[in-house]
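Subject: Structure handover and findings

Hello,

Here is the structure for your files. My notes follow below it.

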Amino acid sequence: MPPLAAIPIGTLPLNDPVYIFCVILLIIAIAPPIANFLKIPPLVVLIILGTILGKNVLGILDRDVAGTSTIVSALVDKGEILASERSALLKVLNQQSLLQGLERIGLLYIMLLAGLQMNLQNLQRLGVRSLVFGLLTFGVPFTTGLISGQWLTAGGLAAVLLGILYSPHTLMSYPIMSRYGIVQKEAVGVAVGGTVVTSILTLVGLSIVQAVKSGNVGTQLWINLLVLFPMLVFLCFWGLPKVSRFMLGAKEDYALGGQFIYVLSCLFIVAAGTLLLNIDSIVGAFIAGLALNRSIPFTSPLMKQIEFVGNNLFIPAFMIAVGVLCNPKIFFTNPENLGIALAVIAGAVGAKFLAAAIAGKAFSYTFAEVMVMFSLTMSRAALVLVIALYGKNVGLINDGIFNAIIVYIIVTCLASPLIADAFGKQIASQQELELAEQQAS
């Protein structure tokens, strides 16, 4: 096998990490002024720029290393590598994908911040409401997807998988809540807590589908879900606060670097622990954030450092990676998928709104708070893509459904920040007004 340096670097998509990181940083740098000029959230600009520079438009960036399949196939055709070495080389290259790595870290960072910034003072009340909302925001979309899957797919296990695809969401709009200073609002906390419930139920459902499809339904699956995972959660909430009292006790400025590395270590250790149990690492990231919540004050220098790194590097890189996944060409190359895409979008988005509306009615939230919950739970990204790729690979969903899922990821990722920005601003203004009235009295 030739050394990686032999892979051509003058082709597109870019393949050298230096080039890729250079482009990513340039996008992150120019996104805020463009967003200010257009009066739209920076997150939307990051996604749009990622789409424009992605492999499906200009072809500058790709989630794989330099379009690995194209390059390796060309090298095979030229006789520079053996056809038998193709699979091994692809595996090596894809393991070194910078954009995929940044995307994953950004997603984990969002979940970590969500756990760290939750208001745990009313944990019991929020816990019950988060559980209720999590069941709603999983159950309503799952039922909708299961029903629509009867005519969009072949039914049976394929319909169940479509229901699972409708259910999970990504807290893509959460940084907007942080920017407006409303992360302590109950509706935001309930939505974030509900995300964990939804993610767990989604991954449990996916594990069961995978086990049924492969014929591997056994005791290990249930041991992981019902025994080992609760043990991991208990160890985190019992052990991390004790260790944190020692690791985060120093107040000197020079200690901030070590404390920051400690927090990242906790994030990846817990995320790795959930992965070992075949549970998605985003669940572990959120558990780590919750376990460290009381150890890191909301206004502390360490929290500011954690937010600074996430909001200025990892989270924007995640948004760019989501944009790179977008393929606007499918509207033109496969127009028959447009109807399927509209049906999927209407069903999945409508079900998320219905879940938020039911919870809002039950918990006496304002319309703006319902819309904030809806905006936090409507966007889909990495987890949905993973499930869709699995469904396509095992033949449970066809190309039409897969393309529709990609469109539905694009639409929700673009619409969610816009809705969050509009209604988050309303809640922030109302919060400032209430604070001013309290000070006046």
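Helices here are DSSP runs of H or I with at least four residues, strands are runs of E with at least two, and both are numbered from the N terminus. Leu135 falls in helix α6 (residues 123-152).

Two notes on the source. The model is predicted, so local features need pLDDT of at least 70 and side-chain atom pairs count only at pLDDT 80 or more, while totals for chains, interfaces and linings use all residues. Residues are numbered from 1 along each chain as its sequence is written, and side-chain values use heavy atoms, with hydrogens and water left out.

**Overall**

The chain has 18 helices and zero strands. Of its 441 residues, 54% are buried. Buried means under 20% relative accessible area, exposed means over 50%, and partly exposed lies in between (1.4 Å probe, protein chains only). The chain exposes about 19,500 Å², and carbon and sulfur atoms supply 67% of that area. Areas come from the Shrake-Rupley method with a 1.4 Å probe; for residues, only the protein chains shown count as cover.

Contact means heavy atoms within 4.5 Å. Take the contacts between residues at least 6 apart in sequence: 79% of them join residues at least 24 apart.

**Leu135**

Leu135 is partly exposed, at 47% relative accessible area. Leaving aside neighbours within four places in sequence, Leu135 contacts Val140, Val197 and Leu201.

**Helix α10**

Helix α10 covers residues 219-247 and bends by about 35° at Leu228. The bend is the angle between axes fitted to the seven residues ending at a residue and the seven starting there.

The buried residues of α10 are Leu221, Asn224, Leu225, Phe229, Leu232, Cys236, Gly239, Leu240 and Ser244. An α-helix has 3.6 residues a turn, so residues three or four places apart point the same way. The buried residues of α10 pack against α9 (186-214), α11 (256-276) and α12 (281-292).

Ser244 is one of those buried residues. Its relative accessible area is 2%. Not counting residues up to four places away in sequence, Ser244 touches Gly249, Tyr262, Leu292 and Ser295.

**Core**

The largest nonpolar core has 140 residues. Such a core is a set of buried Ala, Val, Leu, Ile, Met, Phe, Trp, Tyr and Cys residues joined through side-chain atoms within 4.5 Å. Helix α18 (residues 399-440) gives the largest share of this core, 15 residues. The residues with the most contacts inside the core are Met177, Ile296, Ile306, Met319, Met373 and Ile405. Ile405 touches Leu162, Leu165, Val344, Val384 and Ala388, residues up to four places away in sequence not counted.

**Rings**

The whole structure holds six aromatic pairs. Rings of Phe, Tyr and Trp (its six-membered ring) pair if their centres lie within 6.5 Å; planes under 30 degrees apart are stacked, over 60 edge-to-face, and the rest tilted.

Phe353 and Phe374 have ring centres 5.4 Å apart and planes at 85°, so this pair is edge-to-face. Phe353 lies in α15 (residues 337-363) and Phe374 in α16 (residues 367-378), so the pair ties together parts 21 residues apart in sequence. Phe353 is partly exposed at 34%; Phe374 is buried at 6%.

Phe363 and Tyr365 also pair edge-to-face, at 5.7 Å centre to centre and 65° between the planes. Phe363 is buried at 11%, and Tyr365 is buried at 12%.

Ser364 sits in the loop between α15 and α16. Its phi is near 60°, a positive value in a residue other than glycine. Most residues other than glycine have a negative phi. Ser364 counts as exposed, at 62% relative accessibility.

**Tyr180**

Tyr180 lies in the loop between α8 (174-179) and α9. The charged end of Arg179 sits over the Tyr180 ring, 5.0 Å from its centre. That term requires NZ of Lys or CZ of Arg within 6 Å of the ring centre and within 35 degrees of the ring normal.

Tyr180 touches Asp421, Gly424, Lys425 and Ala428, not counting residues up to four places away in sequence. Tyr180 and Gln426 are 246 residues apart in sequence and 9.7 Å apart in space, C-alpha to C-alpha.

Best wishes
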